[in-house]
Amino acid sequence: MSSKSAKHKEPFVRMVKRDDLSPRRAWCYRGIAFLLALLAGGLLILALGHNPLSVYKDMVLGAWGTPTVIRETVKLTVPLLVSALALGLAFRMKFWNIGGEGQIMMGAVAAGAFGFFTAHIFSAPVLTALMLLAGMLAGGIYGFIPSYFKARWNTNEILFTLMLNYVALAFIKFLMNGPWKAQGSSFPRMPMLVTGARLEQVGGVHWGWILALVLVVIAWIYFNKTKHGYEVSVVGMSSDTARYAGINVRRVIMRTMFISGALCGLVGVMQFAGVDYTITEGITGYVGFTAIIVAWLAKMNPYGMLVVSVFIAMLKRGSNTIHTIYKIPASASDVLIGIIFFFMIGCEFFIRYKVVLRGSNKKSHDENCGEEAQNA
């Protein structure tokens, strides 16, 4: 009777964490998920009355077909990559920094304080250096604030960093409507950055793309070859273990979040002085949120973040192209990207967990017992 009741209590389907899965098999799962994503997206495209193969081909060409579109794809990649490096640094110590958007905004505002009002005082190299330092300092401080409260009073960093995004957005709106409003403008907007204060271009894109590649290498070295990177990993695994090992957990949390915020602030400077040349409510392009997906899919690996950032930038740029060529609504293009994200993120779940049906554990247990009896 007890065995029957236990059998009925066992769910028909349940998820069990995998003991081990080889990297090769994990990548096979990701490949299958990508193919399924293309198939599901193809059904959506068919429903809209278009040939999926032609649409997918034009998406790729729209991102890599000509030097002009390649430059646009790189412009989308740079802020996404640097933001992912910044958030990945915090995520490694299990500090869930959801405030990348606000840190980017504050970096742009700090750079604007110099770019808008001191361009006539300093030479271009000095002004660029001041904007970079100011932007990184502002972003770093904005990231440091929630880390201080977390280290001191163990506050919830997810809510804290998320709410700071709205504070930064409100501050930009205040500046647009008040102190920094462009003279003679009939609607809220800030002035344009003068040409001499803008970031120099290399290969048709501001030199931030070179800096982004350098940061990928530096981040990998920092994560894997330095004492600070080791401390971040230990704190992420267990703060109690870190304290037992003599690591100052509070200091690690605050130091790491300052660096994370500073890198996001750097993104704000590059978007302000290298792409938009002004500050608006949409200066982040929502990369602070998209970078969370990048860092997570890349498993906090800097080189993986480079690959994922390029892939997502290609999707975004390609969706703009098919919107123009095939008159596919922008909402449908976003759904197509969402489908691909859904499958790629979903496959990570099945890499970590497996589906177990009722009775399968018993069967495998009996088989193992039989094998052990034969070996005995």
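Trainee: How many residues of domain 1 are in contact with domain 2, and how many of domain 2 with domain 1?
Mentor: This is a predicted model. Eight residues of domain 1 touch six of domain 2. Contact here means heavy atoms within 4.5 Å.

Trainee: Which residues make up each domain?
Mentor: Domain 1 is 1-50 + 328-376, and domain 2 is 67-312. Their centres, taken over C-alpha atoms, are separated by 35 Å.

Trainee: What area do the two domains bury between them?
Mentor: About 690 Å², with 79% of it on carbon and sulfur atoms. On the domain 1 side, F341, I345 and E348 lose the most area, together 61% of what that side buries.

Trainee: What makes K299 and E348 a salt bridge?
Mentor: Their side chains meet at 3.0 Å, N to O. The rule asks for a Lys or Arg nitrogen within 4 Å of an Asp or Glu carboxyl oxygen, so the pair qualifies. Between domain 1 and domain 2 the count is one salt bridge.

Trainee: Why is R30 with E348 called a salt bridge?
Mentor: The closest N and O atoms are 2.7 Å apart. The limit is 4 Å, so this pair passes as well. R30 sits in helix α2 (residues 23-47) and E348 in helix α14 (residues 330-352), so the bridge ties together parts 318 residues apart in sequence.

Trainee: How many salt bridges does the rule give?
Mentor: The count comes to six.

Trainee: Now the helices. How do α5 and α6 cross?
Mentor: The axes of α5 (residues 100-115) and α6 (residues 124-153) come within 7 Å and cross at roughly 145°. The crossing is right-handed.

Trainee: Which residues meet there?
Mentor: In α5, they include G102, M106, A110 and F114. Among their partners in α6 are L130, A134, A138 and Y142.

Trainee: What kinds of residue form that contact?
Mentor: They divide into 10 nonpolar, seven polar and no charged.

Technical notes: Residues are numbered from 1 along each chain as its sequence is written. This is a predicted model: local features need pLDDT of at least 70, side-chain atom pairs count only at pLDDT 80 or more; totals for chains, interfaces and linings use all residues. Side-chain values use heavy atoms; hydrogens and water are left out. Axes are lines fitted to C-alpha atoms, for helices over the stretch in contact, and angles run from 0 to 180 degrees between N-to-C directions. Helices (H or I, at least four residues) and strands (E, at least two) are DSSP runs, numbered from the N terminus. A crossing is left-handed if the near helix is turned anticlockwise from the far one by less than a right angle, and right-handed if clockwise. Ala, Val, Leu, Ile, Met, Phe, Trp, Tyr, Cys and Pro count as nonpolar, Asp, Glu, Lys and Arg as charged, and the others, Gly among them, as polar. Domain bounds come from an automatic or database domain assignment. Buried area is the accessible area (1.4 Å probe) that two parts lose on being put together, summed over both.
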